[in-house]
Amino acid sequence: MAEPTHYPELSFESRMGSVEFRVAEQAHIVVDDRICADCSTRGCVVACPANLFVPTAAGGILFNYEQCFECGTCYLVCNEEGAISWSYPEGGHGVVFHRS
Amino acid sequence: MSNVATPAFGAPDFDAVVVGAGPAGSAAALELARAGRRVCLVERGPYPGAKNMYGGVVYGRILDTLLPNWWEEAPVQRWVTRRQTMILTETAATTLDVRNEAWGRPPYNGATAYRPDFDAWLAQKAVDAGAVLVCSTTVTGLLREDGRPDGKVVGVRTDRPDGDLTAKVVVACDGVNSFLAKEAGLYPTVDPANYTVGVKETIALPRDVIDERFGVRGDHGVDIEILGCTGDVPGGGFVYTNLDTVAVGLVLSLPELSRGDQRPEQLLARLKAHPAVAPLVEGGDVKEYSAHVIPEAGFDMMPELVGDGILVAGDAAAMCLAAGIWLEGVNFAIGAGAAAGRTAARAVQRDDTSAAGLAGYRARLESSFVLADHRRLRDAPHLVMGELAQQKMPRVVNGVVEELFTVTNPDPKPRLRTILRRQMKRHGVKWRDAVKDGLRAARTFG
């Protein structure tokens with residue numbers, strides 16, 4: 001594919017700023033960073049559409065649940081048993097689409 | 001979650017609890033309510049559709065029997081009268097472009113719609129028929145008879161205080177991740193290779209600009225499906241028109257996406273910059289970015305559809321159809337949900353909501369398009385996501401077209417068979433493989 005002429009056309013912050021999130025107090029996804037330290041594939045980092053998984057200098061994974069699309073990509077691509085505990089956020093919270 | 005004791009006596013709160021007010025759940029609740037059953041429709045979003053996203057087109061024929069003249073009131077953006085299949089390489093595009101004015105008149109064919117509008121409308125139909133809709137409530141697990149882990153399903157636990165809902169039957173329409181179908185043991189395995197992730201931008205543009213760019217008028221719209229636009233990741237793309245927004249998105253195979261080095265929005269930016277796509281989508285503000293996982297593998301990944309006290313419908317049962325030239329899902333969800341609702345209503349009436357009492361659900365689906373299409377097209381997702389269709393075919397097609405229409409004077413025109421042979425060789429397509437996949441495609445689609 002041709003290189004985009006003005007890439008990036010939209011900053012990631014603006015992209016995510018277009019989405020409504022009614023953030024729950026309690027995290028609906030918990031990442032066990034000790035297990036991630038041993039993971040060499042880290043599929044979640046590239047695949048998560050919301051870019052919520054960020055590798056740390058210490059070799060772990062920094063995770064934020066607040067702007068989660070609740071899509072399920074992360075646990076589906078995760079190779080490490082028990083690293084990602086996934087459930088849906090409290091009712092009425094999380095992502096709220098309007099023009100999807 | 002499953003080892004919850006249930007009262008030893010007393011009538012259940014409802015005849016049926018339907019989990020998820022998407023198209024499957026609302027159709028199920030509608031049919032249950034119409035049959036006079038007490039049905040609760042539980043939705044975790046603040047309104048139906050709040051969690052839902054798709055690749056653009058609702059095919060409404062299945063609504064004819066459920067809601068006659070639905071087109072007069074359904075919250076539709078545009079009626080699709082023009083559809084394109086676009087095959088891309090980095091710099092070229094070959095497009096099949098179809099128009100049909102009949103699709104823009106009653107009873108119509110496909111429509112674009114915002115899912116929060118469409119799903120809320122359909123859920124309201126269930127409410128009008130007598131269903132109780134409870135939003136902002138997440139179902140956290142199944143209730144089992146006598147609290148035994150393998151006991152019959154007798155309701156759901158929710159995240160509301162005192163939020164247990166008992167019922168004679170549970171209809172799980174809780175979407176692609178269906179924690180309920182998994183908890184009920186209906187999914188033997190979950191293989192990421194069966195799933196894709198869809199990402200989409202909804203871009204605001206003035207209505208007349210959309211009409212002009214896409215060559216349509218009034219409430220007519222366009223749906224474009226694209227192959228060869230996802231780099232090294234198997235998948236596809238789409239562009240479609242709403243009234244005053246344009247949607248552009250990608251569908252990406254999870255294993256290859258997670259092994260690659262390009263993020264979804266980076267791949268999407270490349271599609272948006274393609275010379276065949278950029279003139280359609282450029283310039284507007286992104287009003288909403290969205291993402292959702294898709295059950296891509298269809299028939300071959302479907303769970304058991306019936307358990308003791310439970311039925312599964314819609315994406316929760318992998319009923320999305322990703323068969324190349326046909327990309328459908330909302331219609332399959334409605335068809336399956338309605339069948340689940342009718343089966344559940346009958347089982348309640350006969351006072352047998354065991355797996356045996358609910359078994360008629362599968363038979364209903366087998367005799368309808370839901371499983372007939374999925375069974376016949378079970379090979380299609382594999383064909384479409386294979387290397388030949390994804391990587392080689394787009395290069396060969398565009399190479400052949402380029403040679404066919406590039407005038408090479410003073411050399412005479414090459415013969416088509418010479419061009420084809422040359423292009424297949426250039427892009428590493430063996431006749432044997434082409435014939436093999438061609439036969440598979442003929443068996444599937446023919």
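The paragraphs below walk through a predicted model with chains A and B.

Chains are lettered from A and ligands numbered from 1 in the order in which they are written, and residues are numbered from 1 along each chain as its sequence is written. Because the model is predicted, local features need pLDDT of at least 70 and side-chain atom pairs count only at pLDDT 80 or more, while totals for chains, interfaces and linings use all residues.

The model scores ipTM 0.95 and pTM 0.96. The pLDDT, which is the predictor's confidence in each residue on a scale from 0 to 100, averages 96 in chain B, where 98% of the residues score at least 70. Residues 1–8 of chain B have a pLDDT below 50, and this stretch has 21 contacts in the model beyond near neighbours in sequence. Two residues are in contact here if their C-beta atoms, placed from the backbone, lie within 7 Å. Where pLDDT is low, the predicted coordinates should not be read in detail.

Chain A has four helices and six strands. Helices (H or I, at least four residues) and strands (E, at least two) are DSSP runs, numbered from the N terminus. The order of elements in chain A, starting at the N terminus, is α-β-β-α-α-β-β-α-β-β. Its C-alpha trace spans about 40 × 40 × 20 Å along the principal axes. Of the 100 residues in chain A, 36% are buried. A residue is buried if 20 or more other C-beta atoms lie within 10 Å of its own, exposed if 12 or fewer, and partly exposed in between, with C-beta atoms placed from the backbone. Among chain A contacts between residues at least 6 apart in sequence, 70% join residues at least 24 apart.

Next comes the place where the two chains meet. Chain B puts 49 residues into the contact and chain A puts in 35 residues. On the side of chain B that touches chain A, at least two residues each come from α3 (115–128), β11 (195–204), α6 (254–259), α7 (264–273) and β15 (285–295) of chain B. The most is given by β15(B), with eight residues. By class, this side of chain B has 21 nonpolar, 15 polar and 13 charged residues. Ala, Val, Leu, Ile, Met, Phe, Trp, Tyr, Cys and Pro count as nonpolar, Asp, Glu, Lys and Arg as charged, and the others, Gly among them, as polar.

One of the elements on that side, α7(B), is largely enclosed by the rest of the structure, because eight of its 10 residues are buried. The buried residues are Pro264(B), Glu265(B), Leu267(B), Leu268(B), Ala269(B), Arg270(B), Leu271(B) and Lys272(B). They pack against α1 (12–17) of chain A and, within chain B, against β11, β13 (235–241), β14 (245–253), α6 and α8 (278–281). In the loop between α6 and α7 of chain B lies Gln262(B), which is partly exposed, with 17 other C-beta atoms within 10 Å. Leaving out residues up to four places away in sequence, Gln262(B) touches Gly231(B) and Leu267(B).

Gln262(B) and Leu30(B) are 43 Å apart in space, C-alpha to C-alpha. Leu30(B) is one of the residues through which α1(B) (residues 23–34) contacts α3(B). The axes of α1(B) and α3(B) come within 8 Å and cross at roughly 15 degrees. Axes are lines fitted to C-alpha atoms, for helices over the stretch in contact, and angles run from 0 to 180 degrees between N-to-C directions. The two helices are therefore roughly parallel to each other, a term for angles under 35 degrees. The residues of this contact divide into seven nonpolar, one polar and two charged.

The helix α1(B) also packs on α9(B) (residues 330–349), with axes that come within 7 Å and cross at roughly 30 degrees. By class, the contact of α1(B) with α9(B) has 15 nonpolar, four polar and two charged residues.

Some backbone details of chain B remain. The peptide bond from Pro106(B) to Pro107(B) is cis, with omega near 5 degrees, and Pro107(B) sits in the loop between β5 (93–99) and β6 (110–112). That loop also holds Tyr108(B), which has a positive phi of about 65 degrees although it is not a glycine.

Notes:
Angles under 35 degrees count as roughly parallel, over 145 as roughly antiparallel, 65 to 115 as roughly perpendicular and the rest as oblique.
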